[in-house]
Amino acid sequence: MDIEDRLDKIRTREDLIEFIRALELDFNVDNSNWRNGSLPNYLERMAASIEDSTNCSRFVGEEVSPTPTWKYFADMLIAPKYYE
C-alpha cells in the first residue's frame with residue numbers, strides 16, 4: 001500500500017503508530033522522492049506546514065480542524081515529505 005493511501009485509514013492511535021513506521025520505511029527504502037531528507041530540514045518544514053494550513057489541506061482535502069485528530073498528526077508527519 002502506498003504511504004499516501006494509508007492516510008485515509010488513520011482513525012486510532014494504533015493506526016498512527018503503524019503509519020509512522022510505514023513513513024520511516026518509505027524514507028529508508030527510497031528517500032529520493034522526499035524534498036526534505038535531513039531531520040533538521042524535515043522538522044523545519046513540518047513547523048512551516050503546520051503554520052500554513054493551506055498546505056496541510058492538500059492532504060486532508062479540507063480546512064484543517066483546530067481540534068487535532070490522529071489523522072491530523074499523520075498529515076503533519078507526511079507534509080514535510082513534499083513541502084518546500
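This is a predicted model: local features need pLDDT of at least 70, side-chain atom pairs count only at pLDDT 80 or more; totals for chains, interfaces and linings use all residues.

Analyst: Residues are numbered from 1 along each chain as its sequence is written, and side-chain values use heavy atoms, with hydrogens and water left out.

The part to look at is helix H2, residues 13–29. Helices here are DSSP runs of H or I with at least four residues, numbered from the N terminus. Start with its length. H2 has 17 residues, and at 1.5 Å a residue they should span 24 Å. The expected span is 1.5 Å times one less than the number of residues. The end C-alpha atoms of H2 are 24 Å apart, which agrees.

Now its two sides. Leu16, Phe19, Ala22 and Leu23 of H2 are buried, meaning under 20% relative accessible area; exposed is over 50%, and partly exposed is in between (1.4 Å probe, protein chains only). These four cover an arc of only 120° around the axis, so they sit on the same side of H2. The arc is taken from the directions that run from the helix axis to the C-beta atoms. Arg21, Leu25, Asn28 and Val29 are exposed on the other side of H2.

What does the buried side meet? The buried residues of H2 pack against helix H1 (3–6), helix H3 (39–51) and helix H5 (70–82). Contact means heavy atoms within 4.5 Å.

Neighbours within four places in sequence aside, Phe19 contacts Ile3, Arg6, Leu7, Ile10, Ala74, Leu77 and Ile78. Phe19 also belongs to the largest nonpolar core, which has 14 residues. Such a core is a set of buried Ala, Val, Leu, Ile, Met, Phe, Trp, Tyr and Cys residues joined through side-chain atoms within 4.5 Å. Phe19, Leu23, Leu77 and Ile78 touch the most other members of the core. H2, H3 and H5 each supply at least two of its residues.

Trp70 is found in H5. Trp70 touches Ile10, Arg11, Thr12, Arg13 and Leu16, not counting residues up to four places away in sequence. Its relative accessible area is 35%, so Trp70 counts as partly exposed.

Next, charged pairs. Side chains of opposite charge can pair when their charged atoms come close. A salt bridge here is a side-chain nitrogen of Lys or Arg within 4 Å of a carboxyl oxygen of Asp or Glu. The whole structure holds six. One of them joins Arg6 and Glu18, at 3.2 Å from N to O. This pair links distant parts of the chain, with Arg6 in H1 and Glu18 in H2, 12 residues apart. Arg6 is partly exposed because its relative accessibility is 22%. Glu18, at 49%, is partly exposed too.

A second salt bridge joins Lys81 and Asp26, at 2.8 Å from N to O. Here the link runs between Lys81 in H5 and Asp26 in H2, 55 residues apart. Lys81 has a relative accessible area of 2%, so it is buried.

Glu44 and Arg45 form another salt bridge, with closest N and O atoms 2.6 Å apart. Arg45 is buried at 16%. Shared partners also matter for the bridges described above: Glu4, Asp26 and Lys81 are joined into one network.

Last, the aromatic rings. Rings of Phe, Tyr and Trp (its six-membered ring) pair if their centres lie within 6.5 Å; planes under 30 degrees apart are stacked, over 60 edge-to-face, and the rest tilted. A search of the whole structure finds four such pairs. Phe27 and Trp34 form an edge-to-face pair, 5.1 Å centre to centre with 85° between the planes. Phe27 is partly exposed, at 23% relative accessible area. Trp34 counts as buried, at 9%. Tyr72 and Phe73 also pair edge-to-face, 6.0 Å centre to centre and 70° between the planes.
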